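Student: I would like to go through this model term by term. Please set each value against its cut-off.

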Amino acid sequence: MSIIASDTANIHYDSLSVIPLGGQSELGQLLWIVGYGGKILLVDAGAAYPNESLPGVDLLLPNTNFLETNQERILALLLTNGHEEHCGSVSYLLRHLDIPRIMAPRFVCQLLAGAASDGGASSRLPDLLDTVETGSPYEIGPFEVEWLPVNNAIADACALSIGSPAGNLVYTSSFKLDQTPVDRRFLDVGGFSKAGDRGVSLLISDSSGVEYTGYTPSEASIAPALEKAVGAAEGRVLVVFPGTNTHRLQIFFNIARSTGRKVVLVGDSLLRTALAAAITGNLIYDRSLEATVEELESLDEDRVMVIASGIEDDPLNVLYSLAYGNHPEISLKEGDSLIYSAHVMPGRLRFLAMILDQLLGLGVHAVQGFKQGVHVSKHASCEELKLMLSMVKPRYFIPAIGEGRHIMHHAQLAIDWGLDPENVFPINNGDILEIRNGVASLVGSIEAEPVLFNREQGERVSTASVKERRALSLEGVVTVCMVVDPSLNIIAGPTVTAGASGFLRAPQWQDTVDKLKAVVIEAVSEIKDGTETGAMRAALRDLCVKTLRGRLNAKPTVQVVVHEVSTSRPR
C-alpha cells in the first residue's frame, strides 16, 4: 500500500524508507528523510556554500518540494550538531514547512534559540525546540530515537539510533574518535555496541575523512602549535576559523590567558556560538579576557587576539575580506600575525594561494592549515570508520556526508571490511532506499535539486539568473547607446562601453569599437521609417553579437539602449 507521495515510486506503509535531500556527493546541505507507517522524521537541516560556478548565490539549501507535499506527515526535525552543514537551513525550512517539533541536544537548542532574535520564521524556534538528553530513548510516533554522543569539533555532537517496526538504523552524523577531547566528552562506544547487538538494518556513516589513513588527530593535539604561533607574534594576532568550532574556541581562550592577550570576537554567528557555549558550560573562561572592537585602538598590540568568523561561518571568505581590506570591522596592518585554522576544499586552493600572496604583500605573517599544525579535521579517518562498522555490524550500509570520491571510497572500505557488495548503497540525493521485510532496495527517486539562495534578495535564485551572472563574470558586458529622432535618424552616438572582461586589453579592441559603431550606423540607416524601437534594438543586438564573435571570438552580454526624442519645439 502506497502511503507517501513520491515522483517515481510507491513508498510502502510497512517499510523503513530513507531519502537524502543533500550531502551526497557534496559537502554540506545535509537533510535525511526517514519514513515508516506514513510518518516522516527529518534528520538534520544543513546548508552548503556554492562554488565559483554559481555567481550571485550565497547558499545552497535543501529542496522542499517533496516535503511540502507531505508536510502533514512530518513528526519532528532531529538535529545532531550545530554546524552549518547540519542546521544551517532550519530557518529556511520553517518558512516552507509546518514542522511541529525540533529535537536536539542542549547546545544546539541554545544556539538556535539565539538565532530567534533575527525575526521572521526564526521567531517560532523557541516554541518548537525540545532539548534531549543523550542515552535516553524517545518515542516519536512509530519510531524510537536515541541520541548517542560522538566526538566532533563542536559541543554536544551526537549520532542517532532510530528504531522502527521495519528495522533499526544508525546515523553517525559527522564524527571522529577523539581519545583526548577538549570537553572530556567521549564517543559512546557502549551505545553503538548495544545498538549493534540489538541488530542494525542500516548504517549511514560519515565519509568525508575516508581518504586519510589511520586515526584523525585529537582537537587538543593542535594546541601546542597554536600556542607557539601566538607566543611568537610580536604584534596583534588575528585568528580565522569556523565559528561553530567550540572546542577550538576554548583552546584559543586558554592560549589568550596563558599569553596575556585580550580576546576580541568578531562576527555575529561567532558571538552567538560563544554565548550559547558559555550558557551551556561548553566555553569556560575569565570574563576579564573579553574586549570589544571599539577597545582595539587603546590596547597594546602585543596583548590582542582577534578571532573572526563570518555570517555563515565560511572562514575563507572572511580571510579574503581581511586580506583585501573589505572587512567591515577589522583592518590588517604590517606586523600583524594571522592564523588561518580551517580546512580548504581542494577546489579553492588557488583562491587561498591568492589570499596568502596578498597577506605577504601587506607585511602580515600568516600561519595556516594542516601542514603547519594549526588545523585538524572533525571527520573520522579510515580506522575509525572501520571501528564504527565493527561496533554497529550493519546488514546494509550507506556511505554519506562527502563528495563523490569520498562516497565511493567509503563504499569500497565497507566491502573490504566484509559487507556484501550488494548490501552497500552509495546513493545520490533524492534516491529512495526502502527496507521491506528485511530486504533493502532502491525503489525510485524524488526531486532533490538544491535551492539557490541569495541572502540580500531573500529569495530563490532562478537558474536563468545564475546563467546570466556566470556569463557576465566570464565574458563581460558591452553596451551600445544612441539617441534617435522619431524617424529613427541618429542624432547622438552611438557610444560603445564595456566592462568585466579580458578582451578590453586586447590590441584589436579599439578597432572593434570603431567597427561596431560603423556597423550600427549603417544598419540604422537601412531601417525603414515606422519600425518599432524594440525591433530595432533586437536587430542591432544580434548584429553586435555577430561582430564581436567574429572579430574577438568573445561572447559578452550585449545591451543596446535607444533613446527616442522629439525634435519639434513646443508651441
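Tutor: We take a helix pair, the nonpolar cores and some backbone angles in turn.

Tutor: This is a predicted model, in which local features need pLDDT of at least 70, side-chain atom pairs count only at pLDDT 80 or more, and totals for chains, interfaces and linings use all residues. Residues are numbered from 1 along each chain as its sequence is written, and side-chain values use heavy atoms, with hydrogens and water left out.

Student: Why are helix 12 and helix 13 called oblique to each other?

Tutor: The axes of helix 12 (residues 382-392) and helix 13 (residues 404-417) cross at roughly 55°. Under 35 degrees is roughly parallel, over 145 roughly antiparallel, 65 to 115 roughly perpendicular, and the rest oblique. Helix 12 and helix 13 are therefore oblique. Their axes come within 10 Å, and the crossing is right-handed.

Student: Which residues of helix 12 and helix 13 meet?

Tutor: Contact means heavy atoms within 4.5 Å. Cys382, Leu385, Lys386, Leu389 and Ser390 in helix 12 meet His410, Leu413, Ala414 and Trp417 in helix 13. By class, that contact has six nonpolar, two polar and one charged residues.

Student: What makes a set of residues a nonpolar core?

Tutor: Its members are buried Ala, Val, Leu, Ile, Met, Phe, Trp, Tyr and Cys residues, joined through side-chain atoms within 4.5 Å. The largest such core has 58 residues, and Phe192, Leu249, Met305 and Ile307 have the most contacts inside it. A second, separate core of 34 residues includes Val34, Leu169, Ile435 and Ala440.

Student: How do you know that Asp44 counts as buried?

Tutor: Buried means under 20% relative accessible area, exposed over 50%, partly exposed in between (1.4 Å probe, protein chains only). Asp44 has 0% relative accessibility, so Asp44 counts as buried. Asp44 sits in the loop between strand 5 (39-43) and strand 6 (59-61).

Student: And why is Lys393 called partly exposed?

Tutor: Its relative accessible area is 42%, so Lys393 is partly exposed. Lys393 belongs to the loop between helix 12 and strand 21 (396-400).

Student: What is the phi of Asp44, and what is the phi of Lys393?

Tutor: Most residues other than glycine have a negative phi. Asp44 has a positive phi of about 65°. Lys393 has a positive phi near 50°.

Student: How do you know that the peptide bond from Gly493 to Pro494 is cis?

Tutor: Its omega is near 0°. Most peptide bonds are trans. Pro494 lies in strand 27 (residues 490-499).

Terms used: Axes are lines fitted to C-alpha atoms, for helices over the stretch in contact, and angles run from 0 to 180 degrees between N-to-C directions. Helices (H or I, at least four residues) and strands (E, at least two) are DSSP runs, numbered from the N terminus. A crossing is left-handed if the near helix is turned anticlockwise from the far one by less than a right angle, and right-handed if clockwise. Ala, Val, Leu, Ile, Met, Phe, Trp, Tyr, Cys and Pro count as nonpolar, Asp, Glu, Lys and Arg as charged, and the others, Gly among them, as polar.
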